[in-house]
Protein chains: 4
Amino acid sequence: MFANFKQDCGGTWPAYVEHSFVRQIGDGTLPEASFRHYLKQDYLFLLHFARAYGLAVFKAQALEDMLQAKAGLAAILDLEIGVHVKYCAGWGLSQEDLQREPEATANLAYTRFLLERGLAGNLTDFHAALTPCVVGYAEIGRHLAKAAGSVEANPYADWIAMYAGEEYQQVARAQIAQLDKLCAQEQGSERHRQLSETFTLATRLEAAFWDMALQCQL
Amino acid sequence: MFANFKQDCGGTWPAYVEHSFVRQIGDGTLPEASFRHYLKQDYLFLLHFARAYGLAVFKAQALEDMLQAKAGLAAILDLEIGVHVKYCAGWGLSQEDLQREPEATANLAYTRFLLERGLAGNLTDFHAALTPCVVGYAEIGRHLAKAAGSVEANPYADWIAMYAGEEYQQVARAQIAQLDKLCAQEQGSERHRQLSETFTLATRLEAAFWDMALQCQL
Amino acid sequence: MFANFKQDCGGTWPAYVEHSFVRQIGDGTLPEASFRHYLKQDYLFLLHFARAYGLAVFKAQALEDMLQAKAGLAAILDLEIGVHVKYCAGWGLSQEDLQREPEATANLAYTRFLLERGLAGNLTDFHAALTPCVVGYAEIGRHLAKAAGSVEANPYADWIAMYAGEEYQQVARAQIAQLDKLCAQEQGSERHRQLSETFTLATRLEAAFWDMALQCQL
Amino acid sequence: MFANFKQDCGGTWPAYVEHSFVRQIGDGTLPEASFRHYLKQDYLFLLHFARAYGLAVFKAQALEDMLQAKAGLAAILDLEIGVHVKYCAGWGLSQEDLQREPEATANLAYTRFLLERGLAGNLTDFHAALTPCVVGYAEIGRHLAKAAGSVEANPYADWIAMYAGEEYQQVARAQIAQLDKLCAQEQGSERHRQLSETFTLATRLEAAFWDMALQCQL
């Protein structure tokens, strides 16, 4: 269950959702160079995220799981990548800039870990690795949007609005529901330990992604 | 290249596209029991075919290959399965009948071989295993539709019309183009031999699928 | 647990371990052509079985599971394939004959199903698909060796002796122990249902392998 | 070909084999804490490296490729891990210390990238990702052993001696031969570009591994 995994995370969860990068987005003080580096890396991240949803289609044992994965895939390839490219253009980054960017180590670590879990584990392991990303962004969006003054006159206001928006919040709720449904089929403390470990590691890798972005590292 | 692989097949290609099952579809003499068995097995086949397209998304190295695989996946899950279920209903088969059906050995052989090629080989190996199915049905459709009298008063007329139709023919042409594009990146006689072997084996497994259907075997 | 899965199989288990092929091995009446066809297909089977153990190494989460899979792999590549080639030579089949043999549909169905389970499922799914092969042969060996007169003056006496022998019996007991250990981590009725379904299907595919061998089919 | 890929790397290759970590090993000035951190991470690395060789068994199309991969797997599980555990004990690290260690981001990045290449690409892609590790260590060993005074009175002398030793040098030469053999089957400039990109990225991730070790990072 999502709620248990988040609790098992201990300090790793707030280290991710309350990271300096996130706080500086919230108060608008994040250096533009960091945000641009983040946008470029996030483009590459989305491509591998789409591949991961392809794997989830393959792993599905029931038609409804296949449709759930296909919807996730379509959301990325039909919508998010287009939105991302357009958004990047507003920050002066062409699609060529995005494609030319080398992949940062922290980006490789999270995306390849996700793909490897998608293949070595079963569908539940995959969703345990995926959920911190999808749900953490929703939590960050909600939290930043609530903070007084975070939206107006903030260069990152539209980024916050996107993740705080109802459309994205619903994606995150559906992700929690999917993880919880799969976990309900996986009783036993040994499986809980493995899944929780995967969830915590994925959360740590999200925080490492913010580090990389903040410091404009490869 | 598709044209080379088809030629390398020798008698295996006509053994597939001119199989007794196909000829009996063409002249309307195929026993209904065989057709119903085929429809039930084809439903299970489509589910694994969709999983294979999920794998192709994962294997893609370029965005355009990802979109091509996603289109194939969407065609199956959004369109073909729905059409299939509706079509089966016309033959007295409910979706419950379809889901209850055990998978025939010949069905397992082809679908799992395809999935295994999709994982053990690269994207070209996958398309070499996939193409005989997609393109062979188009060839069968065209051929049967041309044969005088095959369409009127034939209980299988709409099945023929579907595969002879422009929509399906275009899918098949796109499949040939995709295979040829990938093969152009794979020079060298050893790779040609491997890919051709995969193509021939997939063709043989399509013929085995007709055998299974004709004889109502599991 | 193995004992439950075997019971869930119903008539599928005896249809495998008491198949005509097995009975004709036992009383020595099996046509030589069938046995030779079986030997050639079994060589190809062993190669894919080795690949499956390679996958099990990849899927392992604990060092002991990795070592267990590596031992299985080494048993096939260092021992069984050599024994098999030598044994085939005694039946007039050279290694070239074995390598030239096309893979039968029933062989593809079982080996590719096993590999696909090894990738799409987790390690427990893999062992549920693997166990009917390893343990069924041990049961067949024991049973045939016990039947009076089955060993003397039977052209297949050494085949029976190999699978009835203590070395192989121990491999089978270890396989049951491994499956049971993994199943103990997978509580929940939905997982039991999936694993049992995999076990039953693998058992059915073993019987289909005997059919293929008996009828010298591809 | 290895020689081409190394040249394509440009400055990335020396950034790996002449990294500060390597130089400080050579002159014995590396802080013990960095070496111990390296040893702990390298233990985890070896476990995933063994999994990668398991995948290579699965990907093999020819028996000789299977045996090559099995030899690599056996070398790690039967020999290297044992040597590593014993060596770590000499530095005051118990096997429990090794198993308790969380995996560093740079470790995840390289090992999971390798496993993902092993699954998404073919056997050549896998070996392109694997080779910088195996061959780079051999080059480092040779180079440090030659440097005057690097062996005597250096706390890392036995580490240097191991990688400079003939046994390891032979492993590295065999790795080059395997990569070159597979590349000879993969003509065409597009494949060369992909394989070279994989080789360069793996080399960069090796350098990132040294960074992580030097700075005792997770």
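Q: In this predicted model, which residues make α4(D) and α8(D) neighbours in contact?
A: From α4(D) come Ala52(D), Leu55(D), Ala56(D) and Lys59(D). They meet Leu123(D), Phe126(D) and Leu130(D) of α8(D). Contact here requires C-beta atoms within 7 Å.

Q: What classes of residue make up the contact of α4(D) with α8(D)?
A: Six are nonpolar and one is charged. No polar residue takes part.

Q: Why is α4(D) called roughly antiparallel to α8(D)?
A: Look at the angle. The axes of α4 (residues 32–59) and α8 (residues 123–146) of chain D cross at roughly 155 degrees. Angles over 145 count as roughly antiparallel. Therefore α4(D) is roughly antiparallel to α8(D). Their axes come within 10 Å.

Q: Which hand does the crossing of α4(D) and α8(D) have?
A: The crossing is left-handed.

Q: Why is Gly141(D) called buried?
A: Count its neighbours. Gly141(D) has 20 other C-beta atoms within 10 Å. A residue is buried if that count is 20 or more. So Gly141(D) is buried. This glycine lies in helix α8 of chain D.

Q: What does Gly141(D) touch, not counting residues up to four places away in sequence?
A: Its partners are Ile160(D), Tyr163(D), Ala164(D) and Tyr168(D).

Q: How far apart are Gly141(D) and Ala161(D), in sequence and in space?
A: In sequence, 20 residues separate them. In space, the distance is 6.9 Å, C-alpha to C-alpha.

Q: How do you know that the length of helix α7 of chain B agrees with its number of residues?
A: Helix α7(B) covers residues 105–120, which is 16 residues. At 1.5 Å a residue, they should span 22 Å. The end C-alpha atoms are 21 Å apart, so the two values agree.

Q: What makes α7(B) mostly covered?
A: The count of buried residues: 16 of its 16.

Q: How many residues of chain A are in contact with chain B, and which elements supply two or more of them?
A: In chain A, 15 residues are in contact with 15 of chain B. The elements of chain A are α4 (32–59) and α5 (63–90). By class, this side of chain A has twelve nonpolar residues, one polar and two charged.

Q: What does chain C bring to its contact with chain D?
A: Chain C brings 15 residues, which are in contact with 15 of chain D. Helices α4 (32–59) and α5 (63–90) of chain C each supply at least two. Twelve residues on this side of chain C are nonpolar, one is polar and two are charged.

Terms used
Residues are numbered from 1 along each chain as its sequence is written. Chains are lettered from A and ligands numbered from 1 in the order in which they are written. This is a predicted model: local features need pLDDT of at least 70, side-chain atom pairs count only at pLDDT 80 or more; totals for chains, interfaces and linings use all residues. Helices (H or I, at least four residues) and strands (E, at least two) are DSSP runs, numbered from the N terminus. Ala, Val, Leu, Ile, Met, Phe, Trp, Tyr, Cys and Pro count as nonpolar, Asp, Glu, Lys and Arg as charged, and the others, Gly among them, as polar. The expected span of a helix is 1.5 Å times one less than its number of residues. A residue is buried if 20 or more other C-beta atoms lie within 10 Å of its own, exposed if 12 or fewer, and partly exposed in between; C-beta atoms are placed from the backbone. Axes are lines fitted to C-alpha atoms, for helices over the stretch in contact, and angles run from 0 to 180 degrees between N-to-C directions. Angles under 35 degrees count as roughly parallel, over 145 as roughly antiparallel, 65 to 115 as roughly perpendicular and the rest as oblique. A crossing is left-handed if the near helix is turned anticlockwise from the far one by less than a right angle, and right-handed if clockwise.
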